[in-house]
Amino acid sequence: MSTASSTTASRAAPRPHSDGVGRASDLVLARNPGRRVHDTTVVPETEQGGGPCPYPGMRPFLPEQHHLFFGREELTRSLVRLVTADPHPGPVVLVGASGAGKSSLLRAGLVAGLENERVLLILGPGARPFRSLVESWATATGRPFGEVERDLVTGWFSPLGPDVLVIDQLEEIFTECQDLEERELFVRALAAAGPDGPRIVLGLRADFYDQVLNDTRLEAIVRSGQFTVSAMSDAELRAAVERPAEQAGLRLEDGLSDHILRELRQERADEGDAVALPFLAHALRQTWAGRRGTTLTFTAFQAAGGIRASVARTADEVHDGLGATDRRRLRELLLRMVLVVDDRGRAVRRRVPVTELDKAVDLLGLLTAARLVVVDQDEAQLCHDSLLHAWPRLQDWITENRAGLLVRRRLGDAADGWHEAGRPESGLYGGDQLASVRAQLDQNVGALPMRRVEHDFIDASHRAEHRRTKWRRIVFSIVTVLALIATTFAVQARSAQQEAEGRAAVSIANEIAAQADVMRTRDPQTALRLSLAAYRTAETPATRSSLYAAYLTEAPIGLPGGHRAAVLNLAFSHDGDVLATSQVGGSIQLWDLSRRNVPVKAGALKLRGSAAIAFHPRSRLLAAQTATDLTLWDVSEPERPERLSVREIPKGMTYTVAFAPDGRTLAAGVTRGGFGCGMCRIRRFRHAGRTGRSLPKP
C-alpha cells in the first residue's frame, strides 16, 4: 500500500508552469526514496501546435497549473485567509460534492496560494492512513519513521516540519481502510494536533459527511472548521471555460462558450455537479485535441461527443481498439480499480498498487494516455469517480459483478491482513464464513481473477478447516467414550465425594479460624487474613465469629523507618491525610496518610530547637514554635513543604501551641524566667500570600 504525496518547500522563487501533461506523478518536489514511480505506464501526449493544453481533463489542476485555474478566485482567497488566519482556528475541512473541484481548489488554489509556506500534500489516506501520514511526515522532516510514529500516536507534530498539512480525499479512511486500528490512530493524530504543529486542511466528499459525524472527534473538527465548496455560478463557469484558453493563447469559436454553458446547465439539472463538471473538463480537453490552429471549434466539441458522451467515447475508443483477449483483460483491470463500499452497492474508485498490475502494463499505458487512469507513486486509480457513471460499459460490468466485487473486497482485505501478520492460522477463514465465501466466488467465477495472495489465503483456509474438522471428529470420539466411562464412575462417587469434601472443608476452616484467634493479639493483620480465608473455605459459626472478631479488632500500623529521636508532639491536618511529628533536637517529620494502611514518609522540617506544633483547623498550615521563633509552613504537598513565615519571639521554653476553632488565633504555652512560670502568647493572623494561608500580622 502506498499513498501519493508531495512536499512543497518554501516558494520564495518563481515556480515553473506545467508542460501540459499535468500528471500528479510528475510533481516530485521532495523525492521519497522508499517509493519508485512506474513512468513506463505513462504515454506522452503529442502536441499539434498552439502550446500545451490548458485543460487537465478529469484530473485535478496541479499547483504548477495555478495560472490556468480560473473560476474559483474568490473561494481560493477565502480559503487561504482562513488557513493563514492568526490565531489559527484549528483544522479546516473542505466539504463539497464529488466533481465540485475540491482537489483542484486544494492543489492549484490553496497550495499554490501559500507562496511563503512549507506545505505537505497527501493526495489520499489510502488503505493504511496512519502509516501513510507517518511516512509522509517522516520524509518531510527527515526524521526516522519510528520516532515520527511515536510522536503522531500522541498527536505531536514536530514544529520543524511543514507549516501546512493538506490531506485530500479524507473519505478513503472509510472506503479503502478496513483496519480499525489504523483508522483510529489516524483520527487520533489529527484530533490531538496542537497549535505548535502544522495547520491542517482536509478534503471531504459531501456524501461521506454522515460517516464523519459518527465519530465525535471528526465531528468536532468539522463543526468548528467546515469550509463548503458550493456549486460554480454561471460567471465562474464561463471563466473556467474561456480564461484557460486565453492564458494559453487560444480562442473559442464564436458562440461555443454559450453553447457549452447551455449544455452544461442541462447536464447539471439532470445529473448534478458530480458528473457534469468532470465531463465538461474532459470534453474541453478533447475539444483542444481537435482544435483548428489556435481555435477551439464547434466541430471539435461535437466530435468529442459534447459534455455527456465525451468520456464514454474516449473510453469506447480504447476498448474497441483492442482484441477479444485484451478486452477481457481491460475489464479485469478496470474492475480491480472499483471498490464496492457497502451492501447497497455504492461504488467508488480504488487505489491499486502497480505491482499488482505488472501483467497489464500495456493496458495501463493506454488508459493513462487517454487520461482515464492516473498513476501516482506506485498506485493506479481511475482519474475521477464520475467515470463510474460516465461510461455505460463500465457501469454494466459493475452491475453484473457487484456481489462478486463486494465479496472480493472483503476477501482481499482479509488476505492482505493475513499476509502482513505473517500468515498465522488464526487469521484464516473457517466454518460458515469460508463456506459462504466459497459459494459466492463460485457464483461469480468470471468476475475477477484472484491474486496470488488470495489464492493462498483460500487454500490455507481450506487446509486449516480440513485439519480442524478431522481433529474435531477424533476428539469427539475420544470425548464420547471417556464421557460414558466417567459418567458411570461419577454417578457412584459424587455423593460420597461431596460429603467428604464438605467435612474436610469444615474441619480446615475451623482450624484456620482457631489459629486466627490465637494470633489476633500479636498480629491483627495476619489474623484478619486468616479469618477471611476460613470464612471463604466454609461458613460455620466458628468462622463467622472469627471474622466478626477480626473486624472489631483495631490493627495498629507502624510508621516505616520510625524516628531517630524521641517524639515530643504530634499533629494531624484537618483532613487527616498528613501527620507531623516533632522530635527532640528540632526535627519535624511529615507523613502522608492519604492511604491509611500504608503511611508514606514525606518531607522533613529542620528548626533551631525542639518545637511544639499545631495544624490550622481548615487548611494544611502547620505552626511550629521553638524557644526562640515561630515558623509557619505550607504542607499542602507533604513531599515538598514550603516555609511561609519565620518570626522571632521572646526567648522561653514552648510546651504547646494550638489554633482557635476559627483559625485566626494561635495560642502558645511557654515558660520564662524559671521553671513553673506559665505564660500564654496570643497572635492574630490575616490571610495573604499566594497559597491563601494565614500569615502572622506584623
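**Surface, strands and one threonine**

The accessible surface of the protein comes to about 33,700 Å², and carbon and sulfur atoms hold 53% of that area. The model is a predicted one.

Me: How many helices and strands are in the protein?
Reply: Both kinds of element occur. The protein has 25 strands. Its helices number 22.

Me: What share of the residues counts as buried?
Reply: The cut-off is under 20% relative accessible area. The protein has 698 residues. Those that count as buried make up 48%.

Me: Is strand E5 mostly covered or mostly uncovered?
Reply: E5 spans residues 199-205. Of its 7 residues, 6 are buried. That makes E5 mostly covered.

Me: Which residue in E5 stands opposite Leu-94?
Reply: Strand E2, residues 92-96, pairs with E5 over 5 bridges. The sense is parallel. Opposite Leu-94 stands Gly-203.

Me: Which residue in E5 does Val-166 stand opposite?
Reply: Strand E4, residues 164-167, also pairs with E5 in the parallel sense. The pairing has 4 bridges. Val-166 stands opposite Val-201.

Me: Is Thr-631 buried or exposed?
Reply: Thr-631 lies in strand E20, residues 629-634. Beyond its neighbours within four places in sequence, its contacts include Leu-607, Leu-622, Arg-643 and Val-646. Its relative accessible area is 3%, so Thr-631 is buried.

Notes: Residues are numbered from 1 along each chain as its sequence is written. This is a predicted model: local features need pLDDT of at least 70, side-chain atom pairs count only at pLDDT 80 or more; totals for chains, interfaces and linings use all residues. Side-chain values use heavy atoms; hydrogens and water are left out. Helices (H or I, at least four residues) and strands (E, at least two) are DSSP runs, numbered from the N terminus. Buried means under 20% relative accessible area, exposed over 50%, partly exposed in between (1.4 Å probe, protein chains only). Accessible areas come from the Shrake-Rupley method with a 1.4 Å probe; for residues, only the protein chains shown count as cover. Two strands pair if DSSP finds at least two bridges between them. Contact means heavy atoms within 4.5 Å.
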